[in-house]
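Here is a walk through the disulfides of a protein. Follow along in the sequence and the 3D view.

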Amino acid sequence: LSSQTSFCGFGFYHGFMETLLLSGEDIKRAGQFCRWAKEQVGGTNDAEGACFHGIGHGLSENHDKKTWSNESELVVSPLQICEAVSFDEYMTNRCASGVFNVLAINYRLGFMPLDKDPLLFCKKQTKPYFKKPCFEEMNTLLIYLSGNNMQEATKYLEEIEDQYGLSAMRSLAGVVGMSHKDLSFSKQIDQCRKLAERFHIPCIQGFVAGLIEAETDSQEVRALSFCESPALSEEESKPCYEEALRLLSLYLPDQKYRNVCNNLDLKYQQYCQT
């Protein structure tokens, strides 16, 4: 395994884990593979977390229509297995994010009946390591239901308490960043500023995260171009760099990441992951 397994949002682990688990392999082997992946890739790359996300996909992407009648049929058993194979709450969260990603896809494709409140099932979750990824993974569904209008999609998040609402906002803005093709960022910055004040900075951070995830190589170029944009205020630039440099540490090889950090203005180097 190489750092190239981070390309396309670590999509390698989605396909690998779906195939491994659909083939009937022992679930313990999936967890063992994720730990091995971390050793193989090394550095700060999020190989292990992305791999556990892939386990969640593999557990719930079962192509069994009998599990499509309601949310519980699809996700309860996979979530229980996520708890069993993960060794801490972070990895349980990452595994669960794969499960809820599949749920969101099934909603969007019309396979799963959808309540008038698309976040109702997430609101019913009681465990933080399930509730947080559930809200986050509904990002593509909310954008779809809102006709690709981020401001309309954000209305679904207005009543969600801060801990979950802010992370859901970052995730929602990430979808917009992934599809952004314009060389100018002024329109997106203006959209973030029009949101409720508590969503303003998470929107900026989510957008830069989407720019990074959308690239297969040289992720730092577009991300840092956004953070360097003269349209951003200093109060917006700092959290932009903070999030960009955190994520780039997961995607870039160690030496390339160090080079990126060394070329930054000194006031932003403090956000580099050491």
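C192 sits in helix α11 (residues 186–193) and C203 in helix α12 (residues 197–214), so the bond ties together parts 11 residues apart in sequence. The S to S distance is 2.0 Å. C192 is buried, at 1% relative accessible area. C203 is buried too, at 0%.

Some terms. This is a predicted model, where local features need pLDDT of at least 70, side-chain atom pairs count only at pLDDT 80 or more, and totals for chains, interfaces and linings use all residues. Residues are numbered from 1 along each chain as its sequence is written, and side-chain values use heavy atoms, with hydrogens and water left out. A disulfide here is a pair of cysteine sulfur atoms within 2.5 Å. Helices are DSSP runs (H or I, at least four residues), numbered from the N terminus. Buried means under 20% relative accessible area (1.4 Å probe, protein chains only).

Next come C227 and C240, with sulfur atoms 2.1 Å apart. Their link is left-handed, with -85 degrees about the S-S bond. C227 lies in helix α13 (residues 219–227) and C240 in helix α14 (residues 234–251), so parts 13 residues apart in sequence are tied together. Both cysteines, C227 and C240, are buried.

C261 bonds to C272, S to S 2.1 Å. The torsion is about -115 degrees, so the C261 and C272 disulfide is left-handed. C261 belongs to helix α15 (residues 254–262), while C272 lies in the segment after α16 (266–269), so the pair joins parts 11 residues apart in sequence. C261 and C272 are both buried.

Now the whole set. The structure holds 6 disulfides. With bonded cysteines counted along the chain, their pattern is 1-2, 3-4, 5-6, 7-8, 9-10, 11-12.

Conventions: Helix = DSSP H or I, 4+ residues; strand = E, 2+ residues; numbered from the N terminus. Buried < 20%, exposed > 50% of the residue type's maximum accessible area, 1.4 Å probe, protein only.
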